[in-house]
Structure formats: C-alpha cells, structure tokens
Amino acid sequence: MELSIDTASEMASIGLSSEGALVAEITWRCRRNHTVELLPAIDQLLARGGVTKGDLRAVFVCSGPGMYTGLRVGISTAKGLARALEVPMVGVGRLELDAYPHAAFPGQIIAVHKAGRGELAWACYAGQPWREIEPPQLATSEELASRLQEHCLLVGEIDESLAALLRQDATGRAVIASPAAAIRRAASLGELGFARLVAGQTDDVALLRPVYLRPPVVGPPGKPGR
C-alpha cells in the first residue's frame, strides 16, 4: 500500500493505493484547518482501507506551489511517516497533479492556480508521453492569455479576469475544463508517485521542501517575510 497526501490548497485529498491503483480516497474542503484535520483523516482513511500504518510501503506528497500552512502540514506529516516507517517518499508538483487527469487531451494542458497579488501560477504539460513543456511560473492573466497557443486546455483555478479574456478571443484557441473536472484528487498523486517510485525517482526525506514561486510572508504583522 502507498499513502498519498495533497494539502496544497483548501481542497485536501488523501488516498490509499496498491501499486498506484486507487483503493480508498477522501477529498474534502479543509479550508485552512489542515493542522487539526489531516491526521484524523489519515486514520479514517486507513480504517476504511482495512490497513495500518505498518502496511504502507511508500508515501507520496504534493510538494506545491500552494498554501503556506497547508503545504507545511502535508509535507511534514509525509516526512514523519516516511522516517518512522523507513519507507521511500516521492514529491509531485501541484500544477502537474492538476494537469495529469487530462493527459489524453490532444494538445497542451495549461494548469493554473491563483497566486495572489493579481498573479496566477501556471505550468504547461502534454500527454503521450506525459511531459512538462513549461515549468511552474508566475504571470498576470493578460500575460498568460497572450502566451496561449492554439488548441489548449486550461485546468485548475481559472480566475474571472483570465476567463473574460478567453471569452473575448474569437479564435477559440483555449478550452476551459469544468470546475468539477478541475478538482485535484489523491488518485492522480498515487499514479504519478508510483510511476516515479518504480523509476527510482524518490526524494530524500531530509531535503524535500515545499515549492513556492515567491517567498511566503511569515512572522508578526509588519515584519517582512523570508
């Protein structure tokens, strides 16, 4: 069994898989309560799957970018389990997890999420074979819209300003996935994580860090972030 943990946003998702195939999954709106809700949810998931922590053979975790607290909670929990159980750990990026369920789309897949300060985080992927075309980066809605090529699919958190720009584009070069299809699920993390595990692409538990596209603002009000 493998455990997948995704806490990069207000929609949290955890899953149990067997060689990458989903066995059980819990996806819920956690908002900003990851600290108090994640561990009880993992216990519930293990009980639902009829297994214990000792049955786990790997831990997969979403490495970001995303919410500061959510990522810290998810990654620290994954590290603690991997160390305690002496099992391998694999980190997978949030935008790749947004895009992966749409791998059959015959064109470029643009994964997007709101990054604050009027910017979007985005990355570009393509399937058959699955690969990254543009790495995660920041852009305004206008900048991203100007870079879109013909026949691409946008998934994830599409803000209204980007959606409005695309509606004004008479070429119809970009299609927006439905909100229901854009919800990240631990099933995708289980598949991608297991593929990387088999390929020997594991992460050092001591070195894996959350991915942020800009430094998080932490500390008392009025103090600069690191």
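This dialogue goes through a predicted model of one protein chain, from its overall form to a few local features.

Reader: What does the secondary structure of the protein chain come to?

Author: The chain has six helices and 10 strands. Its radius of gyration is 18 Å, close to the 17 Å that the globule rule gives for 226 residues, so the chain is as compact as a globular protein of that length. Along the principal axes, the C-alpha atoms fill a box of roughly 55 × 50 × 30 Å.

Reader: How many of the 226 residues count as buried?

Author: A residue is called buried when its relative accessible area is under 20%. By that cut-off, 47% of the 226 residues are buried. The chain exposes about 10,900 Å², and carbon and sulfur atoms supply 53% of that area.

Reader: Which contacts join residues at least 24 apart in sequence?

Author: Taking contacts between residues at least 6 apart in sequence, 61% join residues at least 24 apart.

Reader: Where do the positive and negative charges lie on average?

Author: There are 23 positive and 24 negative charges, and their mean positions are 6 Å apart.

Reader: Which residues of H2 are buried, and what covers them?

Author: The buried residues of H2 include Gly70, Leu71, Val73, Ile75, Leu81 and Ala82. Lys79 is also buried. The cover over the buried residues of H2 includes strand E1 (2-6), helix H1 (34-49), strand E4 (58-62) and strand E5 (89-92).

Reader: What follows H2?

Author: H2 is followed by Glu86. The general idea comes first: most residues other than glycine have a negative phi. Glu86 is not a glycine, yet its phi is positive, about 55°. Glu86 lies in the loop between H2 and E5.

Reader: Is Glu86 buried or exposed?

Author: Exposed means over 50% relative accessible area. Glu86, at 72% relative accessibility, counts as exposed.

Reader: Where is Glu19, and what is its phi?

Author: Glu19 is found in the loop between strand E2 (11-18) and strand E3 (21-29). Its phi is positive, about 50°, although Glu19 is not a glycine. Glu19 is exposed, with a relative accessible area of 61%.

Reader: What about the bond from Gln128 to Pro129?

Author: The peptide bond from Gln128 to Pro129 is cis, with omega near -5°. Pro129 lies in the loop between strand E7 (119-126) and strand E8 (131-139).

How values were computed. Residues numbered from 1 in each chain as written. Predicted model: local features only at pLDDT ≥ 70, side-chain atom pairs only at ≥ 80, totals over all residues. Heavy atoms only, no water. Helix = DSSP H or I, 4+ residues; strand = E, 2+ residues; numbered from the N terminus. Rg over C-alpha atoms; globule rule 2.2 N^0.38 Å. Buried < 20%, exposed > 50% of the residue type's maximum accessible area, 1.4 Å probe, protein only. Contact = heavy atoms within 4.5 Å. Areas by Shrake-Rupley, 256 points an atom, 1.4 Å probe, with all protein chains shown as cover. Lys, Arg positive; Asp, Glu negative; His and termini not counted. Charge placed at Lys NZ, Arg CZ, Asp CG, Glu CD.
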